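Q: Could we go through this model together? I would like to begin with the overall layout and then turn to particular residues.

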Amino acid sequence: MKQLITSLSLLLMSLPLLAAGQSEKAHTLTESPLSAVNLLQTLMGLLVVLGCIVLVAWLLKRTNSFHTAANGKLRVIAGIPLGTREKAVLVQIGEEQILLGVTPQQINTLHKLEKPLTVDNNAGISSDFAGKLRKIMQQRGAQ
């Protein structure tokens, strides 16, 4: 993947040089806006933009940035996979905690906790990327 990105970036950087070389050769001729070089440069630019969009969407999905709702009153505390597509999820709604069974077809309430579990915010933060980055930055700041 890294080699593909490097190859594409080198190709994109060399396209203006190729276009400049062709424009010097055909200085007296007017160049068509639909030339092969212009089309290739436009296509490569479009592919780079689409690749960036896909990468950002994947990163947002991976870091669960879409899962913030209700101003922090609704949040997923913990989850554990039970199978390839099934999982148990502990959700906190206000002060109430509910254990849910999640499958691709449905979501079932498994248990309502009478006494909410205490949540250690530092333990939850260290499992995600932002928490790990924050921890590294704090360690570097202390040095």
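This is a predicted model: local features need pLDDT of at least 70, side-chain atom pairs count only at pLDDT 80 or more; totals for chains, interfaces and linings use all residues.

Q: How many helices and strands does the chain have?
A: The chain has four helices and four strands. Helices (H or I, at least four residues) and strands (E, at least two) are DSSP runs, numbered from the N terminus.

Q: In which pattern do they come along the sequence?
A: The pattern is α-α-β-β-β-β-α-α.

Q: What share of the chain is buried?
A: Of the 143 residues, 11% count as buried. Buried means under 20% relative accessible area, exposed means over 50%, and partly exposed lies in between (1.4 Å probe, protein chains only).

Q: And how much surface does the chain expose?
A: The chain exposes about 12,100 Å², and carbon and sulfur atoms supply 64% of that area. The areas come from the Shrake-Rupley method with a 1.4 Å probe; for residues, only the protein chains shown count as cover.

Q: Turning to the strands, why is β2 described as largely enclosed?
A: Five of the seven residues of β2 (residues 87-93) are buried, so the strand is largely enclosed by the rest of the structure.

Q: Which way does β1 run relative to β2?
A: Strand β1 (residues 74-81) and β2 run antiparallel and are joined by seven bridges. Two strands count as paired if DSSP finds at least two bridges between them. Ala78 stands opposite Leu90 in β2, and the two strands form a hairpin with five residues between them.

Q: What about the other partner, β3?
A: Strand β3 (residues 96-102) is likewise antiparallel to β2, with seven bridges joining the two. Ala88 has Gly101 in β3 as its bridge partner. The hairpin of β2 and β3 has two residues between the strands, and Gly94 takes a positive phi near 65 degrees there.

Q: Which residues make up the largest nonpolar core?
A: Five residues make up that core: Val89, Val91, Ile98, Leu100 and Val102. Strands β2 and β3 each supply at least two of its residues, and β3 gives the most, with three. A nonpolar core is a set of buried Ala, Val, Leu, Ile, Met, Phe, Trp, Tyr and Cys residues joined through side-chain atoms within 4.5 Å.

Q: What does Val91 touch?
A: Leaving out residues up to four places away in sequence, Val91 touches Leu74, Arg75, Glu96, Gln97, Ile98 and Leu100. Contact means heavy atoms within 4.5 Å.

Q: Changing topic, how many salt bridges are there?
A: The count comes to one salt bridge, defined as a side-chain nitrogen of Lys or Arg within 4 Å of a carboxyl oxygen of Asp or Glu. Lys112 forms it with Glu96, the closest N and O atoms being 3.1 Å apart. Lys112 lies in strand β4 (residues 107-113) and Glu96 in β3, so the pair ties together parts that are 16 residues apart in sequence.

Q: Which residues form the nonpolar surface patch?
A: Leu43, Leu46, Leu47, Val49, Leu50 and Ile53 form that patch, with about 550 Å² of accessible area together. Patches are made of residues with over 30% relative accessible area and no salt bridge; like charges are joined within 9 Å, and nonpolar side chains (Val, Leu, Ile, Met, Phe, Trp, Tyr) within 5 Å. Leu47 lies in helix α2 (residues 36-62) and is partly exposed, at 47% relative accessibility.

Q: Where does Leu82 lie?
A: Leu82 lies in the loop between β1 and β2. Leu82 is exposed, with a relative accessible area of 61%, and touches Lys87 and Ala88, not counting residues up to four places away in sequence.

How values were computed. Residues are numbered from 1 along each chain as its sequence is written. Side-chain values use heavy atoms; hydrogens and water are left out.
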